[in-house]
Amino acid sequence: KAKIYTYGTLVSNGAMVGIPIVSSLFGAEGVVLGNVYLIPQRFFIYTAADSLFNRNYKRSFSNTLKSIFINPVMIGMLLGLCSSLFSFEFPNIILSTTQTIGNCMSPVSLILVGSILSDVNIKEKFDFSILFTSFIRLIVMPISVFAITSLLHFDFNVCWIATLLAG
């Protein structure tokens, strides 16, 4: 349980749930800013998962680098960066397919989570650690991000986008 709570605290659901919210509130500029904010998390999401959940994971510099750079998210980001830097355009069928799949990810993941939760007896599974982890992830971390970005005098949109994605 401790590993799950640790991972849940370290890694937000900002990409799946937060980006669609940011998109509806701040438009395309908000999506770009939100994705820039999520880059550090995307670097370490697989490293944290490997070190917490993979029993065969051996902590070493090379394994950490492999976890950071050789994962689906980073490969996708690298392809997008190369496409932008070298003015390379993927064929329209690839772009439209990935766009369609991407548009479905948030609703499908929420339906999946909802269907899983419908079979869970909340009274049986609920304990204080869930409440504490949720409090840290949904209240303390966003307030901390808001305070830091405000103290650093970040742009209004950047401040609110980072706060939304932190929660």
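Contact here means heavy atoms within 4.5 Å.

**Ground rules.** I'm working from a predicted model, where local features need pLDDT of at least 70, side-chain atom pairs count only at pLDDT 80 or more, and totals for chains, interfaces and linings use all residues. Residues are numbered from 1 along each chain as its sequence is written, and side-chain values use heavy atoms, with hydrogens and water left out.

**Overall fold.** I looked up the secondary structure and got eight helices and zero strands. Helices (H or I, at least four residues) and strands (E, at least two) are DSSP runs, numbered from the N terminus. Along the sequence the pattern reads α-α-α-α-α-α-α-α. The C-alpha atoms fill a box of roughly 55 × 40 × 35 Å along the principal axes.

**α2 against α5.** I checked the axes, which are lines fitted to C-alpha atoms (for helices over the stretch in contact), with angles running from 0 to 180 degrees between N-to-C directions. α2 and α5 come within 9 Å and cross at roughly 125°. That makes α2 oblique to α5; under 35 degrees counts as roughly parallel, over 145 as roughly antiparallel, 65 to 115 as roughly perpendicular and the rest as oblique. The crossing is left-handed, i.e. the near helix is turned anticlockwise from the far one by less than a right angle (clockwise would be right-handed). From α2, M16, V17 and P20 touch M105, S106, S109 and L110 of α5. I sorted that contact into five nonpolar, two polar and no charged residues. For the classes, Ala, Val, Leu, Ile, Met, Phe, Trp, Tyr, Cys and Pro count as nonpolar, Asp, Glu, Lys and Arg as charged, and the others, Gly among them, as polar.

**α2 against α8.** Helix α8 covers residues 156-166, and its axis comes within 8 Å of that of α2, crossing at roughly 170°. The two are therefore roughly antiparallel. On the α2 side I noted G14, G18, I19, I21, V22, L25, F26, G30, L33, G34, Y37 and L38, which meet N157, V158, W160, I161, A162, L164, L165 and A166 of α8. By class I get 15 nonpolar, five polar and no charged residues.

**α2 against α4.** These axes come within 8 Å and cross at roughly 140°, so the pair is oblique. I39, R42, F43 and Y46 of α2 meet P72, V73, M74 and M77 of α4. The tally is seven nonpolar, no polar and one charged.

**Pockets.** My definition: on a 1 Å grid over the protein atoms alone, a pocket is an open set of points where a 1.4 Å probe fits, with protein on both sides within 12 Å along at least five of seven lines, and lining residues have an atom within 4 Å of a point. Volume is the space filled by probe spheres set on the points, which are joined across faces, edges and corners.

The largest pocket comes to about 1200 Å³. I count 28 lining residues, with N35, R42, V73, G76 and M77 nearest its centre. α2 (14-53), α4 (72-85) and α5 (92-118) each give two or more residues to that lining. The largest share, 10 residues, comes from α5. The lining splits into 15 nonpolar, 12 polar and one charged.

The second largest pocket holds about 900 Å³. Of its 24 lining residues, I4, G8, N13, V113 and L117 are closest to the centre. Its lining takes two or more residues from each of α1 (2-10), α2, α5, α6 (122-125) and α7 (128-151). I logged 14 nonpolar, six polar and four charged there.
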